[in-house]
Every structure is written in structure tokens, then in C-alpha cells.
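Me: I have a model open and would like to learn how to read its features one by one. Please take me through them.

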Amino acid sequence: MRSVFRLLATTAAALVCSSTALAQAYPDRPIKAVVPFAAGSATDTIGRAFALKMQESLGQTIVVDNKPGASGLLGADAVAKAAPDGYTILIGTNSTNAALKSLMKKLPYDQDTAFAPVAYMGSVPLIMAVNNDVPAKTLKELVDMAKAKPGSINFASASTSQLVSTEMMAGMAGIQLSNVPYKSGPAAMTDLIGGVVQMFSADFAVMLPQVKAGKVRGLAVTSAKRSPAVPELPTVNEALGLKDYELIAYFAVFAPAGTPPDIVAKLNKAVNEAANSKEIQDRFAGIGFAVEPGTPADLAKRSVTETAKWAKAIKDAKIEPQ
């Protein structure tokens, strides 16, 4: 019996030493960063920029793998089921790590337990815009149009933030809009410019260049305060005389649950160094990107808060789970 105990103790010690050695050697090969949205989306643009800076800290290549579909569910599911070894990470968003739980009747993974929080990256507001042929010059005029002919105005959405931001505004304004779902933000933008859809609410990375170029007409920003990037655009609250409207998109890094704490710590350090870099801050200052470096524990707390916040927003917008 003593021999058995000695064997078990030796085996356990060997496993601990082996795990520690693996964590110390990490990373010794390229890392895959799954972006759960299409190339050209804000998640993709921000994720790729962070990946390049994180490589400098980690000393290994980070390969970005786009897996769009189902508001980020497909990419998130792939990471949730990946080996918890630090070589597959998720560029998560409010869609994948807060809202999907309330938008879907059933997820292929447990959103609350499938991921190890790594680090918060930052957030961006959205811009509500219309096709240039739409008569409305302000959000108030668009609301008046919708009230005059309920359901006559359609809007595009390719992510949770795009869908909820518009439905939430419509609910608070007392109007009905028709949703046209898209697989990607860039595709929705193309159709907004072309007049296939009349309205689209998207993050600054996707929307601001088109507003600046005059290809679409910006009506309002979804943040609580006006953005220095487009100070001429009012907030939704200002435009409609509301008080409690605010909805922003955010980005964070997650790993599969069970990823060793030492590896999570190395990834956290790399994300925070990227967020603090002048290169990242200068590049995205124009789209209202606000960084907020912190610990994995900070992100875990934020995820709980954001999940509750988005659940309320989705309920208030009367969006039925699919």
C-alpha cells in the first residue's frame, strides 16, 4: 500500500513539474487568435493590431483566424472546445461573452464557464446612419418617419451590438423597424451605401470612414457623451430627448477554460502592453477606442456585469431568443 501511495505521489509531482515546465516554455510555437467576425470588421481590425503588438511580448507569431457566423457563436464555440494550452485564444466581444446567452435559446457551450478571462482590450461607440437617399436629416426625423409608417424602415445588423443598439433605440422611441440580418458588417455597409437597406448602426471602425467620405449620413452616436472623432453628431439621448440610452461595443481576450494560470498571466501581460502602446492608442484614437488594461480577475468581474447589462438591454428591446 505504501508503494502505491509513493507511486501516486511521484506521479502527481511529475505532472505538476511537467505542467510548470510547459507554462515556463510557453509559447514555443505560433498562437491562433480566433476572430469570430468577418475580415474588415472592427473586431478583426482591432484584433489584428493587438496580435501584432502581442507578438513582440510573447516572441511568437499570432495567426488570426476569422470564423464569422451567428453573431460570433461559431468562432466562440471553436475556442470553447479547443485545447486549454494557450495556443488558441478568442478575440471576444459583447456578442460572444455577454449577449449571446440572452439572444440564443441554447448555446453549444456554457458562456459563463467555457472561457478563462485573459484581458480587456477596449471599447468603441457606434454610429447610427442612413443611406443618403433617406429624407431624414436627423434621428428625430427618422423616428417621425417610422411613426408615420410603422415597419416601413429597415435596418441592417451583423452583430449583437448592431442589432441591440437599433432595437433598443426603437423601443425607447416607440417605433417599429424591420431587421435585415447580415453575415458581416462590411457586407451590411455595402448595402447601406447601395440603398438596399435604409439604416445601419455600426462601430466607428466600420462606419466612420463612410460618414467622413459622405457615402452615408451619420445621425447619432450610441455613447453617453459625444465623440471627439465626430463632435458634430449628437448622442441618441440628445437627438431624441432621452436620458438612459447608451450602448457600446467592447473587445477582450479569452482562452479556453482550464488554461494554466501562468499562461493566462503571460497572455494578460502581452495584451496590456499592447493596450498601453502609443501605436495602438494613436491608431484607434480616431474611432473613439478607449483602452482599459487590467487583470484577468477584472475581466471576469466585467463579464458578469456586462452579461447582466446586455440581458436587460435585450429584454427591454423585446428581442426574442432564437
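Me: Which element gives the most to the lining of the second largest pocket?

Reply: This is a predicted model. In it, helix 12 gives the most to that lining, with 5 residues. The second largest pocket has a volume of about 250 Å³. Its lining has 13 residues, and Met168, Asp244, Lys312, Ala313 and Asp316 are the closest to its centre. Two elements give two or more residues each: helix 6 and helix 12 (296-316).

Me: What is the make-up of that lining by class?

Reply: The lining of the second largest pocket has 7 nonpolar, 1 polar and 5 charged residues.

Me: How do I read the largest pocket in the same way, and what volume does it have?

Reply: Take volume, then lining, then elements. The largest pocket holds about 340 Å³ of space. It is lined by 20 residues, with Ala70, Ser71, Met104, Leu163 and Pro181 closest to its centre. Helix 6 and strand 7 (178-181) are the elements that give two or more residues to this lining. By class, the count is 10 nonpolar, 8 polar and 2 charged.

Me: Is Ala70 buried, exposed or partly exposed, and why?

Reply: Ala70 counts as partly exposed because its relative accessibility is 41%. Ser71, at 22%, also counts as partly exposed; the cut-off for buried is under 20%.

Me: Peptide bonds came up as well. Which residues does a cis peptide bond join here?

Reply: Tyr26 and Pro27 are joined by a cis peptide bond, with omega about -10°. Pro27 sits in the loop between helix 1 (2-25) and strand 1 (31-35).

Me: How should I read a nonpolar core, and which residues have the most contacts inside the largest one?

Reply: The general idea comes before the case. In soluble globular proteins, nonpolar side chains tend to be buried together. The largest nonpolar core here has 58 residues, and Phe50, Met54, Ile127, Phe200, Met207 and Phe289 have the most contacts inside it. Take Phe50: leaving aside neighbours within four places in sequence, it is in contact with Met121, Val271, Ala274, Ala275, Ile280 and Phe289. Another core lies apart from the largest one and has 49 residues, including Ala136, Phe155, Leu177 and Ala252.

Me: Met207 is in helix 8. Which residues of helix 8 are buried?

Reply: In helix 8 (residues 204-212), the buried residues are Phe204, Val206, Met207, Leu208, Gln210 and Val211. They pack against helix 2, strand 5 (126-131), helix 7 (185-194), strand 8 (199-203) and strand 9 (216-221). After helix 8 comes Gly214, with a positive phi near 80°.

Me: Which backbone oxygen does the side chain of Asn237 reach at 2.9 Å?

Reply: That of Tyr245. A polar atom of the Asn237 side chain also lies 3.5 Å from the backbone oxygen of Lys243. Not counting residues up to four places away in sequence, Asn237 touches Leu242, Lys243, Asp244 and Tyr245. Of these, Asp244 is also one of the residues closest to the centre of the second largest pocket.

Terms used:
Residues numbered from 1 in each chain as written. Predicted model: local features only at pLDDT ≥ 70, side-chain atom pairs only at ≥ 80, totals over all residues. Heavy atoms only, no water. Polar contact = N/O pair within 3.5 Å; in protein donor to acceptor, adjacent residues only side chain to side chain. Contact = heavy atoms within 4.5 Å. 1 Å grid on protein atoms, 1.4 Å probe; cavity = no way out; pocket = protein on both sides within 12 Å on 5 of 7 lines; lining within 4 Å. Points joined across faces, edges and corners; volume = space filled by probe spheres on them. Helix = DSSP H or I, 4+ residues; strand = E, 2+ residues; numbered from the N terminus. Nonpolar A, V, L, I, M, F, W, Y, C, P; charged D, E, K, R; others polar. Buried < 20%, exposed > 50% of the residue type's maximum accessible area, 1.4 Å probe, protein only. Core = buried A, V, L, I, M, F, W, Y, C linked by side-chain atoms within 4.5 Å.
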